[in-house]
Amino acid sequence: ENDIAVLSEEVSEIENSIKNYDQEKTRLITSIAVARRALEDESRLESIQSDLSDFEKNEMATSFWISGFLDIRSKLMESFIPEFEDLTNTNLSFIGSPMKLKMSTTSIAKSTGNESLDFNISVLDDVGQERDLRTLSEGEGARVRICLSLALLDILKSRNKIAFNFLLLDEITDGLDKTGVDKVLEMLYNIGSQLVIITHDSELVSRITNKVLIQKSNGISDVV
């Protein structure tokens, strides 16, 4: 009976040991799973950090090139602005306009006062007062647009050695009075290119020798 009691006690101890072993095994399995997740998270974190590092390098390179291109654009603009301004003002003077244009490559934000790269044109009136282009009358605006366009044409011709033998002009005399029309036509004739002028101005049409009249009826345009 004593032997049986001892044996039972040993069996009970073994069962407790097995139970403790199972509990420890479960704990270790759980710990291993947690460790594996941590390793996976660490691996993902390393991948994210690597992507972030690559992004920061690309951002630095992009910022460098953006800044560089802005500087290049500024230099290119500054190289032709004096000539562009002078030619435009010469054209304005030729057609009898008292206005002069002032061009720059920077503008200042009214809200912040910050300066930024931007092609900016302002107008100086006959008393030297600076005005915004948007304040010009219809006739003044027409004169400025024509003179700007022809000045730019001269620059393209001189710098790129391009011969413009044909010019298509649409409603270029809108807003001009008789004197303005006369001066603009005189300036256009001096260009030496073939001109095609599209206009609804009957006064202008009467001054052109070779013309094609188009009449629109019921939504259909026909040559008269």
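Which pattern does the protein chain follow when read along the sequence? The answer is α-β-β-β-α-β-α-β-α-β-β, and the model you are looking at is a predicted one. In total, the protein chain has 4 helices and 7 strands. Here is a short tour, topic by topic.

**The chain as a whole**

- Of the 224 residues in the protein chain, 21% count as buried.
- Take the contacts between residues at least 6 apart in sequence: 54% of them join residues at least 24 apart.

**The nonpolar core**

- As general background, nonpolar side chains in soluble globular proteins tend to be buried together.
- In this model, the largest nonpolar core has 31 residues, and Leu101 and Leu188 are those with the most contacts inside it.
- Several elements each supply at least two residues of this core: helix 1 (2–94), helix 2 (138–160) and helix 3 (178–189), along with strand 1 (100–108), strand 2 (115–124) and strand 4 (166–170).
- Helix 2 gives the largest share of the core, with 9 residues.
- Leaving aside residues up to four places away in sequence, Leu188 touches Leu150, Leu169, Ile172, Leu195 and Ile197.

**A closer look at helix 2**

- Helix 2 has 23 residues and reaches 33 Å from its first C-alpha to its last, which is close to the 33 Å expected at 1.5 Å a residue.
- Its buried residues include the glycines Gly139 and Gly141, as well as Ala142, Val144, Ile146, Cys147 and Leu148.
- Further along helix 2, Leu150, Ala151, Leu153 and Ile155 are buried too, and Arg143 is also on the list of buried residues.
- Just after helix 2 comes Lys161, which takes a positive phi of about 55°.

- Strand 6 (residues 214–217) and strand 7 (residues 220–223) run antiparallel and are joined by 4 bridges.
- Ser217 stands opposite Ile220 in strand 7.
- The hairpin has 2 residues between the strands, and Asn218 takes a positive phi near 55° there.

**Around the aromatic rings**

- How many aromatic pairs does the structure hold? The count is 0.
- A ring can still have a charged neighbour: Lys183 lies over the face of Phe94, at 5.6 Å from the ring centre.
- To find this spot, look to helix 1 (2–94) for Phe94 and to helix 3 (178–189) for Lys183.

Notes: Residues are numbered from 1 along each chain as its sequence is written. This is a predicted model: local features need pLDDT of at least 70, side-chain atom pairs count only at pLDDT 80 or more; totals for chains, interfaces and linings use all residues. Side-chain values use heavy atoms; hydrogens and water are left out. A nonpolar core is a set of buried Ala, Val, Leu, Ile, Met, Phe, Trp, Tyr and Cys residues joined through side-chain atoms within 4.5 Å. Buried means under 20% relative accessible area, exposed over 50%, partly exposed in between (1.4 Å probe, protein chains only). Contact means heavy atoms within 4.5 Å. Two strands pair if DSSP finds at least two bridges between them. Rings of Phe, Tyr and Trp (its six-membered ring) pair if their centres lie within 6.5 Å; planes under 30 degrees apart count as stacked, over 60 as edge-to-face and the rest as tilted. A charge sits over a ring if NZ of Lys or CZ of Arg is within 6 Å of the ring centre and within 35 degrees of the ring normal. The expected span of a helix is 1.5 Å times one less than its number of residues.
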